Amino acid sequence: METDERQGYEQPGTHEKFSVQMRISNEMVRLYKEQFGRGPTKARTNWAGPDIVLTVLEETLTPAERNLVKLGEHQRLRDLRMFFQYASVKEFCEPVERLTGRKVRAFHSSVDTEVDGMSVEVFVLHPEGYEGPSRSASADT
């Protein structure tokens, strides 16, 4: 697995954001291995402005999922992936909250089955200092 060191948005004067991005990428790879039995071959995390963390993961499909693609079952595969992703909201939000020190406001997940499962995980964060509930608090509802 390769993590991309060309990280985009960094808040001025802090190299710490870079290491946070790499650590989030590593956590997402670990989660994919746990969830699907296979991790992506490449992962990179970037800040998309001050409140959005975006992780792109490449080549995430398992052999069984590749077979679904061969059968033309793209929608079935997307539905299955989304089911597993949203069943694990707490597991996906926890490392982002721990590593950024901020609570997740919203979690978005997607997969493009046409390009060997390129996946995107997006975390919209509450402003710094927010004391209310996290998105993971409503994960079971």
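This is a predicted model: local features need pLDDT of at least 70, side-chain atom pairs count only at pLDDT 80 or more; totals for chains, interfaces and linings use all residues.
Trainee: Which residues of α4 are buried?

Mentor: Val89, Phe92, Cys93, Pro95, Val96, Glu97, Leu99 and Thr100 are buried.

Trainee: And what follows α4?

Mentor: Gly101 does, and its phi is positive, near 75°.

Trainee: Back up a bit. What is the secondary structure of the chain?

Mentor: Four helices and five strands. Starting at the N terminus, the order is β-α-β-β-α-α-α-β-β.

Trainee: How many residues are in the largest nonpolar core?

Mentor: That core has 21 residues. Ile24, Met28, Phe92, Val96, Phe123 and Leu125 have the most contacts inside it. At least two core residues come from each of α1 (16-36), β2 (42-47), β3 (52-58), α4 (89-100), β4 (104-112) and β5 (118-125).

Trainee: Which element gives the largest share?

Mentor: α1, with seven residues.

Trainee: Take Met28, then. What is it in contact with, leaving aside neighbours within four places in sequence?

Mentor: Met28 is in contact with Thr55, Leu57, Phe92, Pro95, Val96, Glu121 and Phe123. Phe92, Pro95 and Val96 in that list are also among the buried residues of α4.

Trainee: Different topic. Where is Arg44, and is it buried or partly exposed?

Mentor: Arg44 sits in strand β2. Its relative accessible area is 22%, so Arg44 counts as partly exposed; the cut-off for buried is under 20%.

Trainee: What does the side chain of Arg44 make a polar contact with?

Mentor: With the side chain of Glu58, at 3.1 Å.

Trainee: Now the whole chain. What share of it is buried?

Mentor: Of its 141 residues, 45% count as buried. The chain exposes about 7,500 Å², and carbon and sulfur atoms supply 52% of that area.

Trainee: What share of the contacts with a separation of 6 or more joins residues 24 or more positions apart?

Mentor: Such pairs account for 59% of those contacts.

Technical notes
Residues are numbered from 1 along each chain as its sequence is written. Side-chain values use heavy atoms; hydrogens and water are left out. A nonpolar core is a set of buried Ala, Val, Leu, Ile, Met, Phe, Trp, Tyr and Cys residues joined through side-chain atoms within 4.5 Å. Buried means under 20% relative accessible area, exposed over 50%, partly exposed in between (1.4 Å probe, protein chains only). Contact means heavy atoms within 4.5 Å. Accessible areas come from the Shrake-Rupley method with a 1.4 Å probe; for residues, only the protein chains shown count as cover. A polar contact is a pair of N or O atoms within 3.5 Å; within protein, one must be able to donate a hydrogen and the other to accept it, and residues adjacent in sequence count only if both atoms are side-chain atoms.
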